[in-house]
Amino acid sequence: MRASATPLLAALTTGVLVLAACGGGDDGPDDAAPSSSSAAPSPSGSVSDPTGAPTGDPTGDPTDAPTDTPTADPPSGPPRAEAIVTGLEAPWGLDFFADGDAILTERDTRRVLRVTPEGEVTELGVVEAAEPTGGGAEDGLLGVALSPTFEDDALVYLYLTTAEDNRVVRTELRGDRLGEDLEVLLDGIPNGFIHDGGRLEFGPDGLLYVSTGESGEPALAQDRDSLGGKVLRLTPDGDPAPGNPFGSPVYSYGHRNVQGLAFDDQGRLWASEFGDQESDELNLIRPGGNYGWPEVEGTGGAPEYVDPLQTWDTDEASPSGLAHADGTLWMAALKGERLWRVRIDGRRAVDPQAFFIGRYGRMRTVAVAPDGALWVTTSNRDGRGTPAADDDQVLRVTP
């Protein structure tokens with residue numbers, strides 16, 4: 001089914017000017033340039049990886065020795081993909097209801113949608129409080145997460161940009177309508193044309209984890225009094241979680257722009273992070289850890305910083321969404337236009353393989369559905385891609 005979508009409102013000119021002044025955004029140093037054209041899915045919707053065998057060798061070796069055995073056998077063979085829904089506009093946040101339907105945000109239109117596995121789309125509401133800049137900016141209506149007790153409280157958590165800041169809010173979903181009243185749980189997160197973070201993820205501890213960017217001001221990442229360039233940990237009511245390392249919402253710091261959070265089956269938190277000129281990162285998050293930006297990009301080796309467990313050239317990744325399934329991490333790449341599969345081996349991240357290279361264009365978000373399939377969103381109508389006729393899409397990927 002093709003969802004209704006408003007036309008893309010802004011041109012790329014503004015994005016080029018601002019990015020030239022502020023440095024790289026979610027595509028690294030060349031983020032204002034359009035990506036290569038992406039073809040529409042075949043009529044059957046089901047395709048195998050057109051590039052054949054998985055490719056790509058990221059730079060840098062894992063820094064931690066294995067401490068236990070892998071949690072599951074690695075998947076064999078390439079994944080397959082089929083389109084669930086087409087005609088979206090810059091989908092960003094994604095979470096699942098218990099019945100297998102998804103809740104989805106569109107960054108620039110500010111729409112919140114419900115999508116069934118059969119591709120039926122229902123508009124749940126428009127979040128007027130979000131103020132996207134457009135023109136390739138990274139702000140707007142971003143992450144979404146359903147309450148862990150959604151069946152009882154019907155609460156929906158959102159990450160959005162206003163004229164003053166980025167903030168975490170929540171509201172109720174009653175039937176097919178999103179509440180108009182937004183309860184602000186945390187505000188004052190720095191906002192900017194680039195590096196707005198935006199991922200929301202409830203952990204197995206029932207706490208809310210929030211990724212933020214340094215809004216194009218690198219020094220904020222090392223400032224523990226700032227909420228920018230951090231991974232935050234909150235109670236469901238928005239307070240600093242008990243046991244946070246600094247008595248504030250800050251859980252880890254020294255991040256450039258984290259847009260992917262995922263917990264593995266041992267309860268460990270992983271994060272994907274945009275690099276600048278050299279290295280995108282996959283990190284294992286430690287409470288109170290300093291991940292180095294802007295003093296270090298990629299692997300630095302200094303004892304005061306936590307090194308990433310894998311790094312990639314920024315042309316191969318510019319990672320956004322991250323998901324975990326059966327001992328494997330799946331990472332969506334924007335500028336790299338591919339889906340990465342990385343196996344967890346103890347405390348190491350090993351055997352990275354890339355799929356769908358260039359097939360669907362920019363990949364933004366990846367999440368695991370209740371039935372075990374991956375849902376992956378494209379992001380070709382975000383002002384930085386070259387959209388095909390069916391863009392943007394939600395893909396069902398069978399590992």
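Me: What makes strand S16 and strand S17 count as paired, and in which sense do they pair?
Reply: In this predicted model, strand S16 (residues 269-273) and strand S17 (residues 279-284) share four bridges, in the antiparallel sense. Pairing requires at least two bridges between two strands, and S16 and S17 have four bridges, so they count as paired. One of the partners can be named: Glu273 is bridged to Glu281 in S17.

Me: Which sheet has S16 and S17 in its strand order?
Reply: An open sheet of four strands, in the order S15-S16-S17-S18, with antiparallel pairing. Strand S15 (258-263) and strand S18 (310-313) are its edge strands. On average, neighbouring strands of this sheet are turned by 15 degrees against each other, direction ignored.

Me: Why are S15 and S18 called edge strands?
Reply: S15 and S18 each pair on one side only. As background, strands of a sheet pair through backbone hydrogen bonds.

Me: Why is Asn166 called buried?
Reply: Its relative accessibility is 0%. Buried means under 20%, so Asn166 counts as buried. Asn166 belongs to strand S8 (residues 166-174).

Me: What makes the link between the side chains of Asn166 and Asp196 a polar contact?
Reply: The two side chains are joined at 2.8 Å. The limit for a pair of N or O atoms is 3.5 Å, and one must be able to donate a hydrogen and the other to accept it. The pair of Asn166 and Asp196 is listed as a polar contact at 2.8 Å, and that distance is within the limit of 3.5 Å. The side chain of Asn166 also makes a polar contact with the side chain of Thr161, at 2.6 Å.

Me: Which residues does Asn166 touch beyond those up to four places away in sequence?
Reply: Among them are Tyr159, Leu160, Leu186, Asp187, Gly188 and Ile189. Gly188 is 22 residues away from Asn166 along the chain, yet their C-alpha atoms are separated by 6.5 Å.

Me: What does the side chain of Thr105 reach on the backbone?
Reply: The side chain of Thr105 reaches the backbone nitrogen of Gly93 at 2.7 Å. That side chain also reaches the backbone oxygen of Leu142 at 2.7 Å.

Me: Why is Glu337 called buried, and why is Asp351 called partly exposed?
Reply: Glu337 has a relative accessible area of 4%, which is under 20%, so the word is buried. Asp351 has 42%; that lies between 20% and 50%, so the word is partly exposed. Glu337 sits in the loop between strand S20 (328-333) and strand S21 (338-345), whereas Asp351 is in strand S22 (residues 348-355).

Me: What is phi of Glu337, and what is phi of Asp351?
Reply: Phi is near 50 degrees for Glu337, a positive value in a residue other than glycine. For Asp351, also a residue other than glycine, phi is positive and near 55 degrees.

Me: Where are cis peptide bonds found?
Reply: One joins Trp293 and Pro294, with omega about 5 degrees. Pro294 lies in the loop between S17 and S18. Another runs from Asp391 to Asp392, with omega near -10 degrees. Asp392 is in the loop between strand S24 (374-378) and strand S25 (394-398).

Me: What lines the largest pocket, and which residues lie nearest its centre?
Reply: The lining has 31 residues, of which Asp95, Phe96, Glu201, Phe202 and Val368 lie nearest the centre. Elements that give two or more residues to it include strand S2 (91-96), helix H2 (150-153), S15 and strand S23 (363-368). The volume of the largest pocket is about 720 Å³.

Me: How many helices and strands does the protein chain have?
Reply: The protein chain has two helices and 25 strands. Of its 399 residues, 61% are buried.

Terms used. Residues numbered from 1 in each chain as written. Predicted model: local features only at pLDDT ≥ 70, side-chain atom pairs only at ≥ 80, totals over all residues. Heavy atoms only, no water. Axes fitted to C-alpha atoms, helices over the stretch in contact; angles between N-to-C directions. Buried < 20%, exposed > 50% of the residue type's maximum accessible area, 1.4 Å probe, protein only. Contact = heavy atoms within 4.5 Å. 1 Å grid on protein atoms, 1.4 Å probe; cavity = no way out; pocket = protein on both sides within 12 Å on 5 of 7 lines; lining within 4 Å. Points joined across faces, edges and corners; volume = space filled by probe spheres on them.
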